[in-house]
Amino acid sequence: MTNMAILLSGRGSNMLALAQRCAQGDLEAKICFVASDKKDAYGIMMAKSLGLKTLLLPYEEGKEQAEKVLDEKLQSDSVDWIVLAGFMRMLSPTFVGKYEKRIVNIHPSLLPSFPGTQAIKDAFEYGVKVTGVTVHLVDEKMDHGPILSQREVRICDEDTLESLEEKIHAIEHDLYWQTLKNLFAGRFKMKGRRMTIEGPY
Ligand code: GRF
């Protein structure tokens, strides 16, 4: 069984989708704990209501201290993978270096287009006809590491920002667990910067 920890800052719909897939046995992994930099994040309340362990990261004491608390918990719970799901902080290069290729993130655009915290709005306002979702490994730069999977979302003339957000989130909730399943099974191989997948996807 793969051990994972989920980090979030907000509403936690991706955490919830992953927790449901774990509970149904689609994703054979254990959520050791859900951590947040925000004590009143809706996702933390939801994690508690699901009976998951939670951890508050004390960023008010500085990034170094917050990452020390996280690191200790990751070690004590023997966590294999750190899964970012709307975690709105940059992890330090030291932390990322220590957990190299063991941190994964989901981003609501087709990277490298529209990195940053307002990707759906940025893509919508730019007027692109196709956007989407990216799951990638985390490196020291924002929304930058090797891409594991992407799925496109078409923006129709009838779409509003709200309808686009709904479409993107629906794709996220499907793409993340499927990608993690392949990742945890060790099916991704690295060829240069390119992550390839072995066997049927
Ligand atoms: C998602 O759009 C994710 O791609 C981005 O942050 C958002 C988190 O949403 N990184 P939620 O908290 O999982 O609902």
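This is a short tour of a predicted model, moving from the whole chain to a few single residues.

**The whole protein**

Start with everything shown as a cartoon. The protein has six helices and nine strands. Its radius of gyration is 16 Å, close to the 17 Å that the globule rule gives for 201 residues, so the protein is as compact as a globular protein of that length. Along the principal axes, the C-alpha atoms fill a box of roughly 50 × 40 × 35 Å.

Of the 201 residues, 50% count as buried. Colour the charged side chains next: there are 26 positive and 28 negative ones, and the centres of the two sets lie 5 Å apart.

**Met4**

Select Met4, which sits in strand E1 (residues 2-8). Is Met4 buried or exposed? Met4 is buried, because its relative accessible area is 0% and the cut-off for buried is under 20%.

Show what surrounds Met4. Leaving out residues up to four places away in sequence, Met4 touches Cys22, Leu27, Ala29, Lys30, Ile31, Cys32, Phe33, Val79, Trp81, Val83 and Phe184. Pick out Val83 from this group. Met4 and Val83 are 79 residues apart in sequence, while their C-alpha atoms are 6.8 Å apart in space. Across the protein, 62% of the contacts between residues at least 6 apart in sequence join residues at least 24 apart.

**Lys101**

Go on to Lys101, in the loop between helix H4 (93-98) and strand E5. Lys101 counts as partly exposed, at 39% relative accessibility.

Select Leu111 together with Pro112. Which kind of peptide bond joins Leu111 and Pro112? The bond is cis, with omega at about 10 degrees.

The last stop is Phe114, also in the loop between E5 and H5. Phe114 is a residue other than glycine with a positive phi, near 55 degrees. Why does Phe114 count as buried? Its relative accessibility is 18%, and buried means under 20%.

Key:
Residues are numbered from 1 along each chain as its sequence is written. This is a predicted model: local features need pLDDT of at least 70, side-chain atom pairs count only at pLDDT 80 or more; totals for chains, interfaces and linings use all residues. Side-chain values use heavy atoms; hydrogens and water are left out. Helices (H or I, at least four residues) and strands (E, at least two) are DSSP runs, numbered from the N terminus. The radius of gyration is taken over C-alpha atoms; the globule rule is 2.2 Å times the number of residues to the power 0.38. Buried means under 20% relative accessible area, exposed over 50%, partly exposed in between (1.4 Å probe, protein chains only). Contact means heavy atoms within 4.5 Å. Lys and Arg count as positive and Asp and Glu as negative; His and the chain ends are not counted. The place of a charge is taken as NZ of Lys, CZ of Arg, CG of Asp or CD of Glu.
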